[in-house]
Amino acid sequence: MMKGNSLKEIPDKLLPVLVQSGLNTSIVAGELYYFPVTDSTNRMAKEYALSGVSDGTVVIAEKQVSGKGRMNRSWVSPAYSSILCSIIFYPCISTSSVFKLTMLASIAVVVAIHKACGIQSRIKWPNDVYIKNKKVCGILSEFSSDQDTVQYAVIGIGINVNFDVALLPEIRETATSLNQETGQRVSRLKVMKTLLKEIDLRYHDLLHTNKRDLKKEWEHCSMVLNRHVKIISGHKVTSGLAKRINEEGHLIIIDSLGKEKEILCGDVSLSL
Ligand code: BTN
């Protein structure tokens with residue numbers, strides 16, 4: 001008979017042997033590096049990228065002590081309760097197309113969350129994933145280029161899975177987790193494997209066939225299109241109606257004078 005700890009409290013681990021078993025991807029996760037603790041999977045991935053690992057190599061951690069977010073923010077999460085991974089790509093594309101990797105990753109997150117937990121999430125431009133009005137996933141894309149060609153790109157993905165965000169004062173007002181949204185413990189392994197498969201499908205297509213319309217898929221998953229948005233970028237605030245994204249992943253809005261404006265980056269808030 002079990003005393004004290006119930007099965008529920010045994011942490012599920014994202015061990016390479018479990019993640020790679022039956023994965024059947026063509027490019028992603030051929031090589032996989034796993035760390036119980038690291039500073040940041042993005043930082044590790046950039047090191048691996050320079051040492052010449054294979055395309056689609058994945059770095060996974062159970063805990064980050066110095067997780068990085070966009071705009072020099074930090075990314076916090078308790079151990080064994082999130083998806084914390086970075087994927088290294090050598091895509092042979094121009095720097096103007098690099099946003100496609102972020103796009104395909106955010107679409108894959110939405111699809112994976114739906115397949116693994118049956119709930120609908122949406123992409124908030126540029127690369128956050130929300131459930132209703134709370135953030136469940138952040139994506140940090142970093143790349144190195146030579147002239148106009150991408151040398152490598154690192155796409156870092158953090159998904160809040162099995163913890164109560166109320167325990168983390170930094171994010172308690174703005175974030176949620178899959179466990180909170182479903183009311184159930186969620187298999188991180190299932191989310192991780194589904195995510196890698198969905199990324200692999202789209203990355204393979206981007207390199208070899210280009211049959212998928214990523215922009216259309218992204219628009220389908222978007223929570224900002226046709227909504228009034230306010231975008232804060234440094235000290236600059238712009239507002240208008242979000243109409244579309246262009247090939248570079250920039251957001252096109254229509255301002256109050258009916259003029260189109262192209263927004264390169266920033267934090268979006270949505271009006272009701
Ligand atoms: C953001 O929303 O600001 C982006 C957050 C990205 C967090 C992930 S967690 C895995 C990877 N490693 C990091 O240090 N950051 C990304």
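Predicted model: local features only at pLDDT ≥ 70, side-chain atom pairs only at ≥ 80, totals over all residues.
Residues are numbered from 1 along each chain as its sequence is written, and totals for linings use all residues of the model.

View 1. A pocket here is an open set of points on a 1 Å grid over the protein atoms alone, where a 1.4 Å probe fits, with protein on both sides within 12 Å along at least five of seven lines. The volume is the space filled by probe spheres set on the points, which are joined across faces, edges and corners. Lining residues have an atom within 4 Å of a point; this pocket has 43 of them, and Arg73, Asp128, Tyr130, Lys135 and Thr174 lie nearest its centre.

**View 2. Elements around the largest pocket.** Helices (H or I, at least four residues) and strands (E, at least two) are DSSP runs, numbered from the N terminus. Strand 6 (134-146) is among the elements that supply at least two lining residues each, as are helix 2 (41-50) and strand 12 (267-270). With five residues, strand 6 gives the largest share.

**View 3. The second largest pocket.** About 400 Å³ of space lies here. The lining counts 22 residues, with Val98, Phe99, Thr102, Asn127 and Ser141 nearest the centre. Helix 3 (99-117), strand 6 and strand 7 each give two or more residues to this lining. Look for strand 6 once again: it gives the most to this pocket, four residues.

Key. Heavy atoms only, no water.
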